[in-house]
Structures are given as C-alpha cells and as structure tokens.
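Visitor: I am new to this structure and would like to learn how to read it. Could you take me through some features one by one?

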Amino acid sequence: MMPTKPAPADAEDRTDHADDHSDDRSGHSHRSDHAERSTVRTLLRLWPYVRPVRVRLSTAAAVAILASCVGLVIPLVLKWMVDGPVADRDPAGVWLGALYLLLLGLAEAGLFGLRRWLVARPLAGVEAGMRADLYRHLQRLPVAFHDRWASGQLLSRGTTDLMLLRMFLAFPMTFLLVNGVTILVGVIIMLLQDWTLGLVILGPAVPVVVTCVVFEKRYADVARLAQDQVGDLTTVVEESVLGIRIIKGFGRHRSQARAFRELSLTLRGTELRKARLLSAIWGVIVTLPELAIGAALVLGTVQVADGELSAGTLVAFLSTALALRWPIDSIGFLLAMTQEAATATERYFEVMDAEPESGTPEEAAGHPEDTGNAGNAGLRFHRVCFRYPDAPEGSPPVLQHIDLHVRPGESMALVGATGSGKTTLTALVPRLHEVTSGRITLDGRDISTMPRETLRALVAVAFEEPTLFSASVGENVLMGADDRAGRSELDRALAVAQADFAHTLPHGTDTQVGEQGLSLSGGQRQRLALARAVVGRPRFLVLDDPLSALDVHTEAAVEAALRQVLAETTALIVAHRPSTVLLADRVALLSAGRVAAVGTHHELLRTNAEYAWLMSGADTPDPGTLAPDNPDPDTAAADTPAADTPTPEIADGREEAHL
Amino acid sequence: MTAPTTPAPPTADDDGPDTPGSPPVDDAFDRDVLPTPPGATAALLRSLLAPMKARVALTTVLLLLQQAAVQAGPLLVAYAIDSAVPAFRRADHGPLIAVAAAYLLCGVASGGLQYAFIGASARVNQDVLLDLRGRIFRHAQALSVDFHERYTSGRLISRSTTDVESLRELLNEGLQELVTVILSFVYISAMLLWLDLGLGAVAVASFVPLYALVRMYRRRAGRVFTVRSTAIAAVIVKFVETMNGIRPVRAFRREAVNDAEFRALNHRHERINGDAMLEMARYVICSRVVANIAVAGIVLWGAYRVADGTLALGVLAAAVLYLRRLYDPIDRLGMFLNSYQSAAASLEKIAGLLAQTPSVPEPSAPRELPALESAYPGREVVFEGVRFAYRTGGEVLPRFDLTLPAGQTVAVVGATGAGKSTLAKLLARFYDPSDGRVLLDGVDLRDLAVPELRRGVVMVTQESFLFSGTVAENIAIGRPDATREDIERAAKAIGAHDFISALPDGYDTDVRKRGGRISAGQRQLVAFARALLADPAVLILDEATSSLDVPGERAVQRAMSTVLRGRTAVVIAHRLSTVEIADRVLVMEHGRIVEDGTPAELVAGTGRFADLHRAWRDSLS
C-alpha cells in the first residue's frame, strides 16, 4: 500500500536494527548498536539543510501516520459490518458501512497524496541547496585538494549521493516513524481483539529477526565487495576509452577485453552470492509469517466454530494482519536505505569538511612592507620553500630557498630540467598553492596578505594544459579581462596570440567550444588560452610553456606579437626551448628546487654548464646545422656554441644520430 | 547490430580543425544521439535473452507457481469460514485439517519458490548483464579511432556504467515487480470471478480507469523525465568541467560567475525534479481513489448480498482480502514505469552504440607478413593511389602515391592541418583510405589481423595516458611477455631509467589515476619505452616529443638513432630539430606532399622547407 518501490535487494541487510529502533529486546550485538548510533549521529548533520523545511516534513509525517491509521480502521469497519448489519440483514446498515469505507478510502488516498505534495518541492529544494553548497565549496577548496580527488569521485557526491539523501528524507525517515506507529497500533488492535491470535501472529517475529541478524553481516560484506568490483570494472572501462589510441596502437584490445571479462565474471560471481543470501532471507521472510497467518486462521476457525469468536472479528483480524505485512517487511529495506543515506552523508561531508583556501588576515592590510620601496617593485620571491601538503614525511621540498626578483616590466624565463619544479613555482604566484615558508611580493605587497580576488586580478596565467570551458570562444578569452572589456580587446588578444582562426569558425567568436562544443586542436586551444592570459593587459603575467603545441611558423608569429605585450608587463615564463627563452630579458635556471643561476640567455650559455646542456639539444641556436653550406650535420655539430661546454652524451648523440 | 549504419564522419581530426569548413557543426554526435535503426532496441533485448530461453521459461514458471501459492491464502480463508466452521461444528475436523495442510503447503511453497525464483532470475539477470557489458566493451574497442574522436569518452563511459546500471535496476527489481504485479492482477481477477462472477466483474471493470491512469501517468511522467535527464546532464557537465579546470577557474576568478551559472542550472533541475514528484503524487491520489471506490463498491454489493443470503460470508471475506492485495501494487506500478522509462532510454542509447559498425573492420581471411629478407626489422611501406576523405566529403588527402623503402627514417613536416597526422593514422590503420591501398611489404594493411598488424606498425602519439598499475606494467603494454630486464633496457635506452628509479617504488611505483604527479614529459618517455619494447617493423612518432625538454628530446633522438637503425620510421614533428635524424623529409601542405628529398637537398633548395628552415633559424637568432 505504501508508495515505495520495495527494495528487496537490500531489504534485510539492516533488519537487526529494527530491533534497536522499535524496542529494546536483546539480540543485537554491541557492534551494530554502536553502528546504529553513529548512523544517527551522521544523519543529524543533515539538520541545517532540513531545518528550513522542518515544518513541511513533520506535517507530512503526521499526515502519513494519520493515513496509516485510517488504513487500520478499515478492517474494523468490515468487522462492524459483518457482525452487525450483515448478520442482522440490515440493508441500511450495509449502506452506512460502505459509506464509511468510501470516506475512509478517500481520506487515505487524499492523505497519502497530500504527504507527497507537501514534501515534493521542499525536498527538491534541499537536494538542490546541498548541491549548490557542494559546488560552491569545491570551487574554493585548495588546488591541492583537487589534485588528490578525481572529479568522478566529487561528481558522484554531487549526484548519486544527494539523490540518495533526498530519497532518505522522502521515505525512510518518515516511514520508519510511520511504520513503527502503524505496527504498534496494529498489534494493539489485534491483541485487543483476541490476544491468543495476536500472539500467534507475532510468533515469527523472533526467528525472522534472528535470521536477518545472521545474514545481515554477510550480506553487507558481499554488497560492499560487489560495489568495489563495480568500481574496478569502471576503471577498466574508463582507461580503455581514454587510452584507446595506445590500446589500438599496440593491438592490445584482446588482452583488455580479457581483463574486462575476468573482472565482470568475478562481479557476476559476487552478485550471485548476494542473490543466494537474499533468496535465503526471503525464503524465511515469506514462509514464516505465512505459516503464522495459517495457524491463526486454523485457530480462529476453531474459535469461530466454538462460538468464542465472531466471524467478523476473524475477518478483521486477518485483514489487519495483512495490512501490517508491508510495514513489517519494509523496515528492513528502510533501514538499509537509512544506512546508505548515512554513508552518502559521510561522503558528502568528507568534502564539505575540507578546509577552503584560508581567508586573508585583515590586519595584514596595513603591513609595513606595503609601502614598498623601489627595490621591492615587481615580482619578488623571498626565501620561498614549498612542499606539497600531502607529501610523505621527510621527502625533500619541491622548492627551497627561492630568491628571485622579476623587476617591473621585465620578463623572466624559468628554465630547468623535467621535474625541477618550474610549474609548481608558477602556481605559487596566483596562490593556487600556498608557500610553505618565505614570501612572495608583488610591488612590495606580500601576496598572502592580499585578498585572492585582488591578487588573481593582478596576475594572469596561461597553463601548460590549455583548458577551455563550455562557452563561446569570445567568452573564453574575455574571462581574462574585467567586465568592461569588449570587442576591441578580444580582437587585440586574438591577434597577439595568432588566434585569428577564431573568426573563421562556423559562428566566428560566438562558436561554442569546450566539452559541449566544437573540439579544437591542442595548438588552437593553446593560442586561445594565451589570448585569455593577455586580454586583460595584466600587471603580472605567468606563462607555463605557452608555445609548446605550436608549429614553427605560428610560434614565430606569436613570439613577435608577444614581445610587444611583454614589453609592458612583468612576466614569468616557463620555457623549454631557446626560442621561448629569447622572449625574456633574463633567465632563471631552476635546478632540483633551487635557483641555480640568473642571467641573460647568452651569459648563462657561456657560464653555466647545466643551462648550456638544457639549451644545447637539437634546438641549439645553431642555424648552421642544416645550412646548405654545411650539409654534413656531424661537422655542424662541432661548430655549435654548445660545443663550448660539451657533455659526453651530447657528443655521443651527435655521432650516433647519423649512423 | 542488425542494421549497420554509416558512421558519421569525424568532425575534427587532430590536425584537421584549422580548416573550419569540414566539421559539420550540428550532427548526431553533438546531441548524443546515434542513429538507431528502428527496432534495434527490441532486437538487442531479444538477442540478449535468446541464449537463455530455457532459463527464462524456468524463471517464469517458478514465478507463476509462487504467485499461485501466495494467492491461494484468501481462498482458504473463504473455505475455512464457509465450510470448515460448519463442519467443525458438526465435529467433522476433516475440512479444517485440509485448510491447515493446504495453508502449510502454500506457505512453504511460496517461501521455497521465492527462494528458487530469486536464485534463477539472478542467474538470468547476471548473464544478460555480463553479455551486455562484454558486448559494449568489445564493440567500443573494435570501433575505430575516428569514432572515439567524436563520441566523447564521457559518453562512452556512461554507456557502459550508468546505462548498464539502469538496466540492472530494471532487471533486478523492476521486471520481477512488473511480472508479479501482472500475475497477481490476473490471478486475483480470476479468483474473484471464480468466487463470484458479479464481484469479480466489478473488480475487473475498475481496471479500465486504472489502466487509463497508468497510461496518462506514463505519458506525462515520460515528458517530465526526459526534461529532467537533460537538466541533470547539464548540471553534471558544468560540475565536471569546473572541477577538471579548477586551475583556470581559480586563476581567472570564475567562482562567482560559475556559482551563478550553476545555480541557474541547478534550479532548473530542482523545479523539474519537484514536478516529477508532484506528478507521482497526482498519480498516487487518483489511483488510490479509484481503488478505494472500487473496494467500497464491492463491499457494499457483497455485504448486501450476504445480508440477502445470496452470497456466503466467507466469499465476501476472501473478496475483501483479495481486493487489498489487488490494489496494493498500483503505486509500485508507477515506480516500475519510472525505472522502465530510464532503462528503455539507456537501452536505446546502448543499441545505438552497438549499431555503429567499425569503419576499420578486422579481416575475414587474414594474411601474414612475408618473412623478413634481411637481418633488419624494417619493412617497405607503399601508399598506392591512396585518397582520404570524410564520408560527408571534406577531402583531407587527395589521391597520392608514396613508397617508403624498408629501413628509411622519414620526417613529415608541415603546418597544422596539412594532413600529417592523417597520413600517419592511415599507416597505423587507425583509418582506412577512401580509395587505394596501404601496403606493408606488399600486403594490404586491411588483410592483417590485429596482432600481425601491430608486429608490423606501432604508433606513438603525443598523448601520454598512463593506465593504472605500475610503471613497469605500463611499459610492458608494448610487449606483455617482456621480462623486467627487457623493460629496464627499453627505459634506459630512452633515458627514462633515471626518473623511474627515483620514484618511491622504482618500476613498481603505482602511477594511480591518470599519471598522478608524473609530469607530462616523463609520461611521454614511458610511452616511448613502450614503443621500443614493442619492436615493430614500422614505427610512427606523431608529435611524440612535444612535452619533452631539450635534453629529454635529445635523449630520445639519441635512442632513436640506435632504435631506428634498420627500421622503417615516420616521424611527425612541429620542430625541425627532429628532421636531423631523418634520411628523408616530406613537406605537406593542404593534404599534398609538396616537397620530398633529403634534409640537405631541401634546405639547399628554394622550396617551402627552405623557408621553414629559415624561419626556424631566425627564431633562434
């Protein structure tokens, strides 16, 4: 009769707790007692979200109790009809009884509908509110948090978990109460009518509960195992899709399919174990009450025959017993849903409890150093150390004792071997990560004393991985500017980044890109990201290898245009290649987390062996390598400036390259 | 699967989109609707169930019997009241014992049959799901790269996860529910008709308005659900996009704007979600009203007739008990329709995916490569009258012929969109040519089975995806039977050994999801080591060094010079430095090979390569 889809799959897995809830009969373990309490405590955390709709929810619960009790009165009317008007052959009484039935039926229908109507909008609101809060919060959590959490994990908290919570608020929360009351009232009615029959009906309660306690633990374990295996399977699916070119490139799809099949066979085995446990539980749950009703029927029949019981009472009794089956059966899965809701709550608050980026201390606004003398103008690192907050104890910091000064209007290239900490260093400037110790100042102001908004308005960044959002090309670029920026700024930025292709897209700069729109090549995305970084004419510019995906022609054109932009900004540019380094006025060499040398490109080439090695690869500024007058590369190699500080590897490489 | 459709053409090839004319903007892929041949969904369901006809039949029989046992109860009540009571009064205990025995039998049977049924149906369900999961997986793997380039990974993943999940829910809960409901309708109606034709007729008559209600609900809820699934999809996309792009979000202070946009999307979903629940509330009220009116009517008439003496009391009691059971499942029918609707939508999407035919099919009669003639692993590659165009038109490579002798290292240069990657993908057989053939030592690539093909040609792309597992396992993808020594040798050759040894567990370090904090350049080195390990006759490197720093690139080139010796190689790079290791350079422009010669020849000439080279030189000065 209840408007809930029965969930036999989980029906019994928490039924032992029915005990904990309804009364305190012994039989539950200490463990489950504890688990139940913490479930309640976990769920109580939902209160702030439920509070605004508490009136509606409690009204709905009251309405549902009323509706349930109306349902229990119906058998009593039947009894009255059978024993009264029917036995007395009183047609008027029959009409009256039917009228009562009709009214009660209409009331029941109306009340159940009313309950749903009462909670529909408020619960949708609770779900949406929690989701909006989660999204808001996630946007403000430190980047380090996002490094640790896959977006899929966050998404499942924002979707499935919240839906579970909405369902919990709609059904289990209300109906655990409603069904408890219904069962209590029903049992009282039955005992009052005939206590022996009542006891017979109650007989199976104990064995059913014992069965459920026995199976609950095992079922919960298998269910969790199945969930994990689904997760493993999903990982294989995800990777096989994301790595499709590798799988195809190496012809490995058979072994992938084999791995997938093995995992899905394992999952099938687990699911079947789950089904076996369930079928055993259901076998007990169906059989025992049915036998009790049978016993009650036989006993009742004897009593009716003996005249100790009216026929009407027997009908009413059986009818009540039948009406109580759903509330009793359902308690198992209501508790299972409650348990799931508690897990969902935990998962939700796991994220909500994470500390957002710390606020900016107010008093710092008047920091003495804010006055900033000329020596502090520009971008300056003061003994900056950084290690990832989640780095294992004792591991060396990623960056240590960084002292670096980018003067106003100057461009500084950041060069270093793979893994030397270049990208990490750039992330510290817009405070995507917080320095572990030391300070970074912009024109003398410590960035940790600036509101992040202000800081990030001052500093524009182009990341190595150019991410575009689902919006038009124009919107994507103009994100880098304040709201007043318009067409002319957009065009200028696109021109600087050599991203004029945007005008020839199907809808020009209004063309939708990103996950939902047209997919662009890596080089195109990189140019748009660059345009985004320069569109707002920022005071400070941070570029992380901004030209890596461009072909030679485009790279040259971008460099030419970028030079003008760099002339008027203070910039930090991560560079892998001489061509990019040459955009900058000076170069800082980062080596194993420290600044090893600072100087111009040519100075460092001459004086620093590591720098020369980093720059002297194939891209060494040696136009002669393939020059027509010197077609033999082996000879050319000997002429390269890099040969000033030759490393054995390079010499080897040069020779081997043409074997 | 029954009616193969023409796969839609790729919109954006890796190097294609600079020519904005080619991608059709509005196509099936963008709307996440693949062309599904009519009846494909039903055909899919049939083909899934066909192998287990016998077990489906067994399950059905079990359910039929189980329902019969369950629904016998009220009948026994009627018999007890009308026959056993009078008999007992006559001291005839036979009927009562019969009732007791029958009830015992029914109780045990309904429990036992329930037990058997859950087991049997779980096996059917799990086998269907196993089959379906496997089919989706294998099919997705068989579909060609151009399909994957257009059908975003997110969609493919949700096909094999959420869509299969919604079918699982339908199978596990919904379908059994539906059959139970229908069976109990049939049984109870039959019982009521048998007990008393008149009462039964009234009950059956009440089905008419109920059926109308269910249909109306289904129609209205269907509309709401469609809107709701679009609304939640929009919320999800916004959510994922924000979280994946959290750095730019922060750096460009998008938080407030995003909050507002998300609020709007979220609010839309909230409203439609509320609508869906209200729709359900309406359905519950209406169906309950009809049911309760029917109950009141039947009781009135029945009681009247009992009072008249034309109906036995026991029959009325049984009728009342049956009626309770009859109308109980109506609400659940509504719930079932919900899960049915979402499963149907999912199944249709899956059917659409499965109906895609791989545009690069496996050969029906595979051939083998001829035995190598020399000690070197290289093989000759011939493009014979090859032309490549998307199926909508949009020619990428006009007809051309090209021969790469065995053992030659060929660099392909050209601007973005010149067709370099397309050339490479044709050689790797990620695509098949529209016309002409690609031959490896005289054998058409289309005639090679996958293992043979991959012994012949391996391609390293700029993507550096790492699979979960250890670094060693990731390298071993190149050759699964490789020993640890082989793996380390490959890593050393490419200059990856040092950074791998420096990882916490060396080669046994788990790379976790998507490579964790292994940098892009390091991932590319792993990809190279993998290719070295594979030891193919032809190696294609497509922008494979873009994330490496100069020493890294040097190390790779150094390794290449050893590794490529005697091997046929095609190297695509933006950077002219790569050309250094090539025996021959092809310059491409607008899909055509415009220059072809040794590096020195081309530099000495006056062609495009000489210009490019000059530009490159200038950029360095």
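Visitor: Which residue stands opposite A:Leu442 in β5(A)?

Guide: A:Leu442 faces A:Arg445 there. Strands here are DSSP runs of E of at least two residues, helices are runs of H or I of at least four, and both are numbered from the N terminus. Two strands pair if DSSP finds at least two bridges between them. In this case, strand β4 (residues 437-442) of chain A pairs with β5(A) over two bridges, in the antiparallel sense. This is a predicted model, where local features need pLDDT of at least 70 and side-chain atom pairs count only at pLDDT 80 or more, while totals for chains, interfaces and linings use all residues. Residues are numbered from 1 along each chain as its sequence is written, and chains are lettered from A and ligands numbered from 1 in the order in which they are written.

Visitor: What is the order of the strands in the open sheet of chain A?

Guide: The order is β2-β1-β4-β5, with antiparallel pairing.

Visitor: How many residues of chain B are in contact with chain A?

Guide: Contact means that the C-beta atoms of two residues, placed from the backbone, lie within 7 Å. By that rule, 163 residues of chain B are in contact with 163 residues of chain A. Helix α8 (residues 255-308) of chain B gives the largest share of chain B's side, 29 residues.

Visitor: Which residues touch the most other members of the largest nonpolar core?

Guide: In soluble globular proteins, nonpolar side chains tend to be buried together. A nonpolar core is a set of buried Ala, Val, Leu, Ile, Met, Phe, Trp, Tyr and Cys residues joined through C-beta atoms within 7 Å. A residue is buried if 20 or more other C-beta atoms lie within 10 Å of its own, exposed if 12 or fewer, and partly exposed in between. The largest core has 375 residues, and A:Leu414, A:Ala531, B:Ala319, B:Ile494 and B:Ala529 touch the most other members. Beyond its neighbours within four places in sequence, B:Ile494 is in contact with residues including B:Leu525, B:Phe528 and B:Ala529.

Visitor: What share of chain B is buried?

Guide: Of its 621 residues, 52% count as buried. Chain B has 19 helices and 10 strands, and its C-alpha atoms fill a box of roughly 120 × 55 × 50 Å along the principal axes.
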